[in-house]
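Please look over the sequence and the model first, then read the points below.

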Amino acid sequence: ALLKLSEIMRYMLYDSKTDTVPLEKELLHLENYLELEKLRLKDPNFISYKSEGESNGIMIPPMLLLTFVENAFKHGRRKVDNPPGVIIRARAGLDETNFTVINYTHEDEGIQKQTDGIGLHNITRRLELLYPNCHELEITHIKNQFKISLTIKCLPQNNKSDEN
C-alpha cells in the first residue's frame, strides 16, 4: 500500500507538471489508485478494470481520467446485487481512445449529486479547451446506473522514434 501511495504521489508531484504524459503512465497511475481503493473494499470483485489496445506513443494530459474514477467511488453505492460495483474500461488506439466508467447509485439519488459537482464541470471544461471538436463525453444515468463515456480522437503522438 505504501509503495502504491508513493507511486501516486510521485506521479502527482513530478509527472503531472508537463502538458502531456504517455497514456501508459496515466493508466498506471489509475491502476495504482485502484489498488489502494481495493484495500478499502471487502469484495475483491467490486472493481472491474480492463485496459486494451496499443497505448505506446499516445500522449494525454495528466490527471485527465482520474476524476471520473474518483466520482465513481465517491458517489457510487457500496453494496450492489451483483459485483462489480465499479466498471472501468480503457481502449487505446491511434485513431481514437475510449474511456468508460460505470457505477451504481441509489435510484432517487446520484444523478443530481454526480452531475452537479465541480469535478465533472471542470473536466468537461478542460476537455472543451484541450480537444475542441475532437472529443465526445456522454454522461448518462438510467435507473441506478451512472455511466461516463469519453472518446478522444485527436490525441498527440510521441514521435521520439522519428528523431533517431
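**Pocket, sheet and cavity**

The lining of the largest pocket is made up of four nonpolar, no polar and five charged residues. The model is a predicted one.

**The largest pocket**

- The space in the largest pocket comes to about 200 Å³.
- Its lining consists of Arg40, Leu41, Lys42, Asp43, Phe46, Arg78, Lys79, Val80 and Pro83.

**The sheet**

- An open sheet is built from five strands, ordered E2-E4-E5-E7-E6, with mixed pairing.
- Strands E2 and E6 (135-142) are at the edges and have a single partner strand each, so one side of each has no neighbour in the sheet.
- On average, neighbouring strands of this sheet are turned by 5 degrees against each other, direction ignored.
- Strands of a sheet are paired by backbone hydrogen bonds, in a parallel or an antiparallel way.
- E4 and E5 are antiparallel and share six bridges, and a hairpin of four residues connects E4 to E5.
- One of the bridges links Ala90 to its partner Phe99 in E5.
- On the pairing of E5 with E7, the sense is again antiparallel, over eight bridges.
- Val101 has Ile148 in E7 as its bridge partner, and Thr100 is opposite Ser149 in E7.

**Helices on the sheet**

- Helix H2 lies across E2, E4 and E5, and its direction is at about 165 degrees to E2.
- Helix H5 (residues 118-130) also packs on the sheet, where H5 touches E6 and E7.
- The direction of H5 makes about 155 degrees with that of E6.

**Strand E5**

- How many of the eight residues of E5 are buried? Eight of its eight residues are, and E5 is mostly covered.
- In a regular strand, side chains alternate between the two faces of the sheet.
- In E5, Thr97, Phe99, Val101 and Asn103 point one way, while Asn98, Thr100, Ile102 and Tyr104 point the other way.
- The residues on both sides of E5 are all buried.

**Two single residues**

- Leaving out residues up to four places away in sequence, Ser149 touches Phe99, Thr100, Glu136, Leu137 and Glu138.
- Gly53 belongs to strand E2 and is exposed, since its relative accessible area is 56% and exposed means over 50%.
- Gly53 and Leu94 are 41 residues apart along the chain, and their C-alpha atoms are separated by 9.2 Å.

**The cavity**

- The structure has one cavity of 30 Å³ or more, and the largest cavity holds about 70 Å³ of space.
- Two or more residues of its lining come from each of helix H2 (23-40) and strands E2 (47-53), E4 (86-92), E5 (97-104) and E7 (145-152).
- Of the 15 lining residues, those nearest the centre of the largest cavity are Leu23, Leu65, Thr97, Asn98 and Phe99.
- By class, the lining of the largest cavity has nine nonpolar, four polar and two charged residues.

Technical notes
Residues numbered from 1 in each chain as written. Predicted model: local features only at pLDDT ≥ 70, side-chain atom pairs only at ≥ 80, totals over all residues. Heavy atoms only, no water. 1 Å grid on protein atoms, 1.4 Å probe; cavity = no way out; pocket = protein on both sides within 12 Å on 5 of 7 lines; lining within 4 Å. Points joined across faces, edges and corners; volume = space filled by probe spheres on them. Nonpolar A, V, L, I, M, F, W, Y, C, P; charged D, E, K, R; others polar. Contact = heavy atoms within 4.5 Å. Pairing = 2+ DSSP bridges. Axes fitted to C-alpha atoms, helices over the stretch in contact; angles between N-to-C directions. Buried < 20%, exposed > 50% of the residue type's maximum accessible area, 1.4 Å probe, protein only.
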